[in-house]
Amino acid sequence: MANKKLCDMTVRELLAATASRAPAPGGGGIAAMTAAAAAALLEMVANLTIGKKGYEHTAEDMQHIKLQCERIREYCLTAIDADAEAFRSVIAALRLSKDMAGRTEKVQKAFKEAAQVPFELSKQIFIILELSQTVIRKGNSWALTDAAISVLQARAAMRSAFYSVTVNLSSITDQQFIEMMEQAMLELDKRAEVIEQEVLNFYEHR
C-alpha cells in the first residue's frame, strides 16, 4: 500500500494506516474523511427524495444538492491525501540544513500551506451545512435523521479542521497571515453554529 492514495484505501486500510506509528494520515485526514461522510449522508437523503411520490416539488432542489454533495464528497476525499502531503512537506522543510540559504522561508511556506489545506476543507464543510438547511425542510421525512447526523459530522469535521489550522499557525511568524486566518475561522464558525442549531432544532421539533 506504499504507493496507494489514502483516499483509495478501504476504510479498514485507512484506519489501520491512521493507527500505525506513521504520523500521517492523522487528525487532518480523519477530519476530511468525516467531512466526506457528512456530504455522502446529505447526498443520500437527496437521492431518497428525488422521484419519491409527494416530493415532486422538491426535485429540482434535491438534484442541485445531490450534485453539490457529490462534488464536495470527492473534494474531501482528495483532502485526505492533501493533508498528508502538506505534513510531509513541513517535515521535509524542517529537515533542511539550518545553514541552507532560504531555509526559514521554505519552512514558513510549508507551514502556511499546511494551514491552508484544512482551512479550505472547512469552507467546503460550510457548504454542506448550508445545503442541510434545505434538506432538513424538504427532504424525505423518513431519512431526516441521516440529514441531522450529517450536520453533526460536518460540525465535528469543521472543528477538527480548525484545530489543524491552529496548530500550524503556532509555527508561523507572519502575524498578518495568522490574524487573517484566525478571523476567517471565527467568522465561519459563528455562521456554522447558527446553521447547526437551526437545523437540529427543526429536526428535534418537527
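Predicted model: local features only at pLDDT ≥ 70, side-chain atom pairs only at ≥ 80, totals over all residues.
Helix 2 comprises residues 27-49. At 1.5 Å a residue, its 23 residues should span 33 Å, and the separation of its end C-alpha atoms, 33 Å, agrees with this expectation. In the loop that joins helix 1 (11-19) to helix 2 lies P25, and the peptide bond leading from A24 to P25 is cis, with omega near 5°. Just after helix 2, G51 adopts a positive phi of about 85°.

Two helical partners of helix 2 were examined. Packed helices are described by the angle between their axes together with the distance between those axes. For helix 2 and helix 3 (residues 59-94), the axes come within 8 Å and cross at roughly 165°. The two helices are therefore roughly antiparallel, the threshold for this class being an angle over 145 degrees. The crossing of helix 2 and helix 3 is left-handed. By class, 16 nonpolar, four polar and five charged residues make up the contact between helix 2 and helix 3.

Helix 2 also packs against helix 5 (residues 144-169), at an angle of about 160° and with the axes 8 Å apart. This angle makes helix 2 roughly antiparallel to helix 5. The crossing of helix 2 and helix 5 is likewise left-handed. On the helix 2 side, the contact is formed by G27, G28, A31, T34, A35, A38, L41, L42, M44 and V45. Helix 5 contributes D146, A147, I149, S150, Q153, A154, A157, S160, A161 and S164. Sorted by class, the residues in the contact of helix 2 with helix 5 are twelve nonpolar, seven polar and one charged.

L42 of helix 2, part of the contact with helix 5, is also touched by S132. S132 is located in helix 4 (residues 103-138). Besides L42, the residues touched by S132 include V151, I195 and V199, when residues up to four places away in sequence are not counted.

Terms used
Residues numbered from 1 in each chain as written. Heavy atoms only, no water. Helix = DSSP H or I, 4+ residues; strand = E, 2+ residues; numbered from the N terminus. Contact = heavy atoms within 4.5 Å. Axes fitted to C-alpha atoms, helices over the stretch in contact; angles between N-to-C directions. Parallel < 35°, antiparallel > 145°, perpendicular 65-115°, else oblique. Left-handed = near helix turned anticlockwise from the far one by under 90°. Nonpolar A, V, L, I, M, F, W, Y, C, P; charged D, E, K, R; others polar. Expected span 1.5 Å × (residues − 1).
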